[in-house]
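Here is a short note for a colleague opening this structure. Please read the points in order, with the model on screen.

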Amino acid sequence: MNMHIHAKGHSEIMANMETMVTESDGLAQSGFTPDEIVSLLWLQQWYQNGGSDRVTMVRHLEFLKLLVMNGELEV
C-alpha cells in the first residue's frame, strides 16, 4: 500500500469530518433537530457523491441554505 496515498486519504476523511461537525453545530444553532441534521448531512453527501440530477438539487439545497441563513425560512 502506498503510504502517501493512505495518509492523503486519511487527511481528507478527517477534513470532511471536521466540516461535518462544524455544519452540524451550525444547523443545531439554527434550531434543527438531531434527526434533521443527520438527514441533511446524509443528503448533502449523497448529492455530492453522485445523485443523478445533483446539479439541480445542489442549487435547490444552496437556495434553501441561503434562505435559512438570511432568516427568510422558518425552521
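**Notes on the model**

1. From the N terminus on, the protein chain's elements run α-α-α. The total is three helices and zero strands. Helices (H or I, at least four residues) and strands (E, at least two) are DSSP runs, numbered from the N terminus.

2. The model is predicted: local features need pLDDT of at least 70, side-chain atom pairs count only at pLDDT 80 or more, and totals for chains, interfaces and linings use all residues. Residues are numbered from 1 along each chain as its sequence is written, and side-chain values use heavy atoms, with hydrogens and water left out.

3. Check the confidence. pLDDT is the predictor's confidence in each residue, from 0 to 100. The protein chain has a mean pLDDT of 76, and 65% of its residues reach 70 or more. Where pLDDT is low, the predicted coordinates should not be read in detail.

4. Look at α2. This helix has 15 residues and reaches 21 Å from its first C-alpha to its last. That is close to the 21 Å expected at 1.5 Å a residue, where the expected span is 1.5 Å times one less than the number of residues. Just after α2, Gly-50 takes a positive phi of about 125°.

5. Which residues of α2 are buried? They are Ile-37, Leu-41 and Tyr-47. Buried means under 20% relative accessible area, exposed over 50%, partly exposed in between (1.4 Å probe, protein chains only). Seen down the axis of α2, the buried residues fall within an arc of 135°, so they line one face of the helix. The arc is taken from the directions from the helix axis to the C-beta atoms. On the other side of α2, Asp-35, Val-38 and Trp-42 are exposed.

6. Take Ile-37, found in helix α2. Ile-37 counts as buried because its relative accessibility is 7%. The C-alpha atoms of Ile-37 and Asp-25 are separated by 9.2 Å. These two residues are 12 residues apart along the chain.

7. Now the chain as a whole. Of the 75 residues of the protein chain, 9% count as buried. The protein chain exposes about 6,300 Å², and carbon and sulfur atoms supply 60% of it. Such areas come from the Shrake-Rupley method with a 1.4 Å probe; for residues, only the protein chains shown count as cover.
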